Amino acid sequence: MTAMYQSATPPSRPAVNAGRLWAGGAATGVVASLIAVVGILIGRGLFGVAVLAPKGAGVWGDARTGWYALGAATLSLVATGLMHLLLLFTPRPMLFFGWVMTLATVTAMLAPFITEEDFGSRFFTAGLNFILGVAIGSLVAGSAHAAMRPAAVPPVTRPYR
C-alpha cells in the first residue's frame, strides 16, 4: 500500500518587491511631470493655445504650469500606492488597476469642459490629460509587473514507502 503526503499550506500569492515598485513609481512621477511641462510648452509655444494660463503669460505660462507638473508627479505616486494595495489584497490586481486608471483618465479628460476656457484650451488640456493617464497607467502597471516575484512552489506530492 502506498501513502501520499501533501503540504498543509495553501498556495501563496506572488510576493511584491516594494522597493522596485516604488522606484518605478518615482520614475513614473518624473516622466509624468516632464510630459506635463513638454505638453504645455507644445500647446502654448507651437499651437498658441492658452493652456492653464492666459496668452499674455508667455510660453511657460504662470505658476499653474509648475502645479500641473507637480500634480502629475503626485498622481503617479498615488497610482503606485493604489497598485501596491491592489497587489497585496485583491484577486486580480491588474484588472482592477486598469479599470481605475481608465475611469480616472476619462474623468480627467472631461474636467476641462466644465471650465470657462476657450474650446482650443479645453480640447488640448483633455488630450494632455489623456496622454498623462495612459503614461501613468502603463508605467505603473509595468513597474508592478516587474516587481512581482513568483510565489513559492509547494512541494510536490510524492509517494513514500
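Helix α4 gives the most to the lining of the second largest pocket, with 4 residues. The model is predicted; local features need pLDDT of at least 70, side-chain atom pairs count only at pLDDT 80 or more, and totals for chains, interfaces and linings use all residues. Residues are numbered from 1 along each chain as its sequence is written, and side-chain values use heavy atoms, with hydrogens and water left out.

**Confidence**
- The protein chain has a mean pLDDT of 87, and 80% of its residues reach 70 or more; pLDDT is the predictor's confidence in each residue, from 0 to 100.
- Confidence is highest in helix α3 (residues 93-110), at a mean of 97, and lowest in strand β1 (residues 3-4), at 53.
- Where pLDDT is low, the predicted coordinates should not be read in detail.

**Fold**
- The protein chain has 4 helices and 4 strands; helices (H or I, at least four residues) and strands (E, at least two) are DSSP runs, numbered from the N terminus.
- From the N terminus on, the order of elements is β-β-α-α-α-α-β-β.
- Of the 161 residues in the protein chain, 32% are buried, where buried means under 20% relative accessible area, exposed over 50% and partly exposed in between (1.4 Å probe, protein chains only).
- Among contacts in the protein chain with a separation of 6 or more, 71% join residues 24 or more positions apart; a contact means heavy atoms within 4.5 Å.

**Nonpolar core**
- The largest nonpolar core holds 22 residues, and Leu21, Met83, Phe97 and Leu132 have the most contacts inside it. Such a core is a set of buried Ala, Val, Leu, Ile, Met, Phe, Trp, Tyr and Cys residues joined through side-chain atoms within 4.5 Å.
- At least two residues of this core come from each of α1 (18-46), α2, α3 and α4, and α2 supplies the largest share, 7 residues.
- Beyond its neighbours within four places in sequence, Met83 contacts Leu21, Met94, Phe97, Val140, Ala141 and Ala144.

- Ser76 sits in helix α2 and counts as buried because its relative accessibility is 0%.
- Leaving out residues up to four places away in sequence, Ser76 touches Gly25, Thr28, Gly29, Ala32, Ile136 and Val140.
- Trp22 belongs to helix α1 and is partly exposed, with a relative accessible area of 34%.
- Trp22 and Thr80 are 58 residues apart in sequence, yet their C-alpha atoms are 6.8 Å apart in space.
- Not counting residues up to four places away in sequence, Trp22 touches Leu77, Thr80, Gly81 and His84.

**Pockets**
- The largest pocket has a volume of about 350 Å³. A pocket is an open set of points on a 1 Å grid over the protein atoms alone, where a 1.4 Å probe fits, with protein on both sides within 12 Å along at least five of seven lines; lining residues have an atom within 4 Å of a point.
- Its lining has 16 residues, of which Leu75, Ala104, Ala108, Gly133 and Ile136 lie nearest the centre.
- Two or more lining residues come from each of α2 (63-89), α3 and α4 (119-147), and α2 gives the most, with 7 residues.
- By class, the lining of the largest pocket has 12 nonpolar, 4 polar and no charged residues. Ala, Val, Leu, Ile, Met, Phe, Trp, Tyr, Cys and Pro count as nonpolar, Asp, Glu, Lys and Arg as charged, and the others, Gly among them, as polar.
- The second largest pocket has a volume of about 180 Å³, and its lining includes Leu52, Arg64, Ala108, Glu117 and Arg122.
- The lining of the second largest pocket divides into 4 nonpolar, 4 polar and 3 charged residues.

Note on methods: Points joined across faces, edges and corners; volume = space filled by probe spheres on them.
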